[in-house]
Amino acid sequence: MTKKNNPPISGGKAVVECLKANNVKHVFGLIGSATMELFDALYDEKSIKFIDVRDERTGTHMADAYARASGNHGVIIAGQNGPGATNLVTGVAQAKAAFSPLLSIAGAIATEHKGKDAFQEVDQQKLFEPITKKTFSIDQTKNIAVELNKAMQLAKNGKWGPVHVNIPRDILSGNESFESFTIENETKEKNINKNELEKVISLIEKATKPIIICGAGIKNSNSQEEVTSLSKSLNIPLVSSAGHGDVIPFDCDLYAGQMGPRGNKVASYLANHADLILAIGTRLGFNSTFYSYDNISKSAKIVQVDIDPIALGRYFPIELGINNDAKKFLENLSSLISLKKFNQNNTVWVNNFFNEKNKYYKNRDNEADTNSKIIQPSGLFKELREILPKNSSVTLDAGTLCLQATDQFYFSKPKSLFTPLDFGLVGFSFAAGLGVKLAQPNTPVFSLMGDGGFGMTVSELSTAVQHKINTITIVMNNRSWGAEKAYQRDYYNKRYIGADISSPPFHELAELYGAKGYYITQLKDVKKTIKDALVCNKPAIINVEVDPKALYSFRKDSFKHRAK
């Protein structure tokens, strides 16, 4: 792929030209000696903003969240081979669980040193293979453009997911002439069988308790309008899979919220008692179902639509599986449905849903504890619901307090909720919020996490201040690893070990970094503080003292063997 009349450029410059050709606007990374040619080329590229991070793991969370929020590639560069690359692993594994189109690039030892126990040598190819859609190791400078474009296309073809590229330092420093820095994306659309659509319609006509479960496939294919239109035309309630409460705007009457063990009881009831489930763009995965009929109707006929053929019927038997893009399926189905008349067999089902939904939201507000001397999670969430701007984006960690927050907020637009999903990662939220803010600069971004998770990632305050990434992080400080302490309390006779945390005053630490710090011990101060944080024009850290006893054992199923 070379042309003699094009001037030769370094491999590092070729990487940057490929990123530019693929419309990459932000690159996250930590510099290192193995990739100096690449970073030197970035120095001259004014169309790409480099966000230098303090740790490769947290930089990867930024890139992951940036990718999910923007729909474009999130790019993270580990400048050093060996430890720089291994530090990426947690973030890349997280991105795989979230089906995020992440591109991670790591330097690698010189080709001639491979397999000789060289300084910082590790088999990076094998290291990343299990946690990516594919891992590439480029062995010639002239192959950079072709291989990097293949990687970037693969990240967004079919079901999204991370790819990783290893580039040895001699390949980056080599010089070659390149004909082009893009390659044509040859994606073939797959037609949907009309007979399958007719079968779906027949199942809908016979159903008296149908629901539509909406997953990430709806968000990633920008199909919100199509699915809400279908829901309204057929009078079918909508439910979201876990971690995707933003898939449908909260003010949609037929939307019930998130289902499953970490969702709300109204959506979960619908999933448990439906006689027809249209599962669109969702695997019906672990956080939504625990792979158990405790969380999904055993008697329901399931129609599953997913761009990944492996997902179809993988966890639950299905009546019909359609391997296609969610948007294309919805467009085809709606077109066919518009030609037909339907009898409303589900009126009782829907009216009961409306009643239960109204009661649930009223009771949630009425039962929120806003009077306790020590701040309770339910009271804090109620205050935040009332004060967060309607167009806000929210990032969450794992951990007991964030799991309690899973279905506590209202989302007005897609791509406004970002969680670790099935990887269950603590230490995600703050860094993820920085990535979201760069992708959505005009959106208020709130990151919720516990004191343990924030303590893991606090060094990125330096990144936030340096690059003026003004998010608002709410540290729900209960001075413990809350989920684990709850399990020790409930199943191990309060034999606490490693459960309690001693941390510095995060609000004071924030000020030392040059951010804005706030300290809250009373619920009445939340609204005023949030209003101030929204206009302080700095990254804001709000250290909130939360009742350390407000812990909840979420994974009770894991401790059945210890149940009394």
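Here's a walk through the nonpolar cores and some salt bridges of this structure. Keep in mind that it's a predicted model, where local features need pLDDT of at least 70, side-chain atom pairs count only at pLDDT 80 or more, and totals for chains, interfaces and linings use all residues. Residues are numbered from 1 along each chain as its sequence is written, and side-chain values use heavy atoms, with hydrogens and water left out.

Let's start inside. In soluble globular proteins, nonpolar side chains tend to be buried together. A nonpolar core here is a set of buried Ala, Val, Leu, Ile, Met, Phe, Trp, Tyr and Cys residues joined through side-chain atoms within 4.5 Å; buried means under 20% relative accessible area, exposed over 50%, and partly exposed in between (1.4 Å probe, protein chains only). The largest core has 54 residues, and Val-200, Ile-211, Ile-212, Ile-277, Ile-280 and Phe-329 touch the most other members. Helix α14 (residues 326–337) gives the most to this core, six residues; helices are DSSP runs of H or I, at least four residues, numbered from the N terminus. Another core, of 33 residues, lies apart from it and includes Ala-464 and Ile-541.

Now for the charged pairs. There are 17 salt bridges in the structure, each a side-chain nitrogen of Lys or Arg within 4 Å of a carboxyl oxygen of Asp or Glu. Glu-356 and Lys-359 form one of them (3.2 Å, N to O). Because they're three residues apart in helix α15 (residues 347–367), about one helical turn separates them. Lys-485 and Asp-500 pair up too (2.6 Å, N to O). That pair links distant parts of the chain, 15 residues apart, and Lys-485 counts as buried at 16% relative accessibility.

Notes: Helices (H or I, at least four residues) and strands (E, at least two) are DSSP runs, numbered from the N terminus.
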